[in-house]
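The following account leads through a protein structure in running paragraphs. Please keep the sequence and the coordinates in view while reading.

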Amino acid sequence: MDGIRVGNRVIGTQGPVTVGWENIPKVEGGPFKLFFFTYFQPAVLFGLILFWYYAPNSIAKGTTAIYIGIGFKVLLMALEWINPRYASWQLTWKELATDLFYVGLGYTVLKTLDNYIGDGVMIEAIQHAFDFKNVTWFTGLPLLLQAFLIAFIFDFGQYWMHRGMHNWYPLWLPHSVHHYITQLNINKGAVGNPVELFLIGLGVGGFFDFLPRAFLLAGAIGMSIGVYQHINVRFNSPKWWRFLFNTTEHHSLHHSQDYEATRCNYSNSFIFIDRMFGTCIDGEAEMLGLEHGRRMSISEQMTYPFTEGWKSLKERFGQQQPTAVPAE
Amino acid sequence: MNLRLIDWIWCIRGSVPLAPGQTSGDAFGKLEPLFQKQGTTHERAGNTLTFRKKDQAAQDKMSIFEGGVLQIENSAGGPVLRYVMTSRALLFCFLAPLLFLAFAQLNITLGKMDKQATEAAKKAGKDPDAKKKADEENKEIKLNPIDKMLGAPEPEKPKKDGKDKAGDKDKKEDKKYSPTSGYVFTGIFAALYLIGRILEDWLIKRLFRKSLLGEG
């Protein structure tokens with residue numbers, strides 16, 4: 001494969017990729033379908049912002065957010081079935097069961113672990129050690145600005161953590177497992193080694209005080225943008241959306257079989273962070289996954305970072321075979 | 001122990017009649033494309049085909065199976081294809097509810113331990129959250145004038161009543177170690193197993209029938 005030059009890099013030499021919005025297929029069908037799949041994403045985003053902005057305190061609670069999140073995911077699963085991006089990414093029973101296993105881990109054992117070593121605990125320990133309190137500057141700001149700051153601070157941290165994972169071998173090991181997914185579906189964001197899932201969930205937001213409603217707004221903004229990273233639905237996302245936010249197109253390229261193409265589009269929600277740091281490529285890919293799309297089993301996903309890490313350590317520090325020196 | 005009594009959990013058995021006049025060679029020829037997939041190896045010996053799968057692709061129509069045996073047998077009604085195939089995915093899905101029940105139980109145990117530790121600390125006069133509580137009470141929560149103008153509801157004031165606060169804290173602690181999500185996923189995987197066991201049995205039978213008729 002020849003590949004495509006994008007700035008200083010050539011991508012698509014190891015796996016097929018599409019670069020440039022003009023080359024990406026559009027939603028096909030009648031006027032209602034076109035309207036729906038063009039305006040669905042902004043309508044949900046603005047609808048949720050309005051809901052959380054005006055909901056009375058008795059409704060504006062975390063449990064409501066959980067129910068909305070579950071309902072929204074079920075709706076998106078229905079959309080995957082109605083308007084799939086690729087038939088080769090169709091959800092099967094086995095894929096669904098695998099994805100839900102990781103979602104389950106996130107809601108159970110990883111959450112329990114978070115009570116002991118999560119970012120909240122770390123932040124509390126740091127604050128206790130240095131005797132400083134939460135930064136309270138933001139609580140007086142307009143709610144939407146607070147919500148944006150929460151989402152941005154988290155995404156900015158995620159960007160660097162994710163970029164670090166792609167550039168530093170000890171962090172790459174746990175993250176690499178997530179790059180063995182061979183198709184994108186609504187719950188694929190949860191698939192990965194638990195070490196990585198723990199690391200990617202770390203944030204520094206706990207150092208700052210915000211109003212509780214701002215957290216709910218930030219959660220809604222993050223969900224209604226970030227959820228489209230891993231989804232098998234074709235949308236005609238508006239230009240401004242594609243410029244500001246991460247899309248399935250961006251993230252599919254990040255998961256492509258081409259090594260160079262995986263080293264772009266690191267942000268979770270705000271692709272403009274990638275644009276700021278020169279790591280954004282607008283494009284998409286259908287053929288996904290490391291080792292030319294080898295689907296890794298759950299058991300291998302659980303052990304791979306450790307077995308690979310051990311192999312690398314042995315190679316580096318293991319007993320070296322004496323090399324023969326020619327006699328002069 | 002006779003495994004046959006429980007191997008229905010991870011094994012799928014069935015039979016499909018061959019088309020009239022179809023020989024075992026013809027039948028396996030029609031099924032051949034199913035075993036030419038990534039990660040699949042197979043052997044044919046007479047009327048028997050044995051296959052193995054490893055790292056099978058997600059879209060492989062037989063992806064839930066790791067191995068199996070297909071045999072052409074003569075029955076009273078004519079030749080039939082009989083198959084028995086094993087699925088780690090089904091076994092895993094059958095066991096997953098136990099894992100999530102264990103996580104729920106772990107949370108209950110840890111919650112009890114945490115409560116005991118907090119009460120012991122309180123008795124010793126060291127409430128770890130005392131400073132935090134005082135900080136929270138001193139916090140003044142105000143809405144920005146822009147939000148007031150736009151009609152956003154005022155944030156709730158922190159409760160001054162010590163009893164209510166203690167209640168809230170207990171609720172928070174209970175949520176921290178809640179077994180609910182463990183129970184929910186136990187239910188989800190029990191349902192998923194039942195769906196998968198019935199659906200995949202039906203799908204594979206349909207796939208073999210269609211392939212034998214040359215429709216696959």
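Over how many bridges do strand 4 and strand 5 of chain B pair, and in which sense? Strand 4 (residues 67-75) and strand 5 (residues 78-86) of chain B pair over nine bridges in the antiparallel sense; strands are DSSP runs of E of at least two residues, helices are runs of H or I of at least four, both numbered from the N terminus, and pairing requires at least two DSSP bridges. Within this pair, Val69(B) is placed opposite Val84(B) of strand 5.

The model is predicted, so local features need pLDDT of at least 70 and side-chain atom pairs count only at pLDDT 80 or more, while totals for chains, interfaces and linings use all residues. Residues are numbered from 1 along each chain as its sequence is written, and chains are lettered from A, and ligands numbered from 1, in the order in which they are written.

In chain B, five strands make up an open antiparallel sheet with the order 1-5-4-3-2. Strand 1 (11-17) and strand 2 (40-45) of chain B each have a single partner strand, so one side of each is left without a neighbour in the sheet.

Chain B also meets chain A: the contact (C-beta atoms, placed from the backbone, within 7 Å) takes 36 residues from chain B and 34 residues from chain A. Helix 6 of chain B gives the most to the side of chain B that touches chain A, with nine residues.

In chain A, Leu217(A) is in contact with Ile49(A), Trp52(A), Tyr53(A), Leu143(A), Leu144(A) and Ala147(A), leaving aside its neighbours within four places in sequence.

Note on methods. Contact = placed C-beta atoms within 7 Å.
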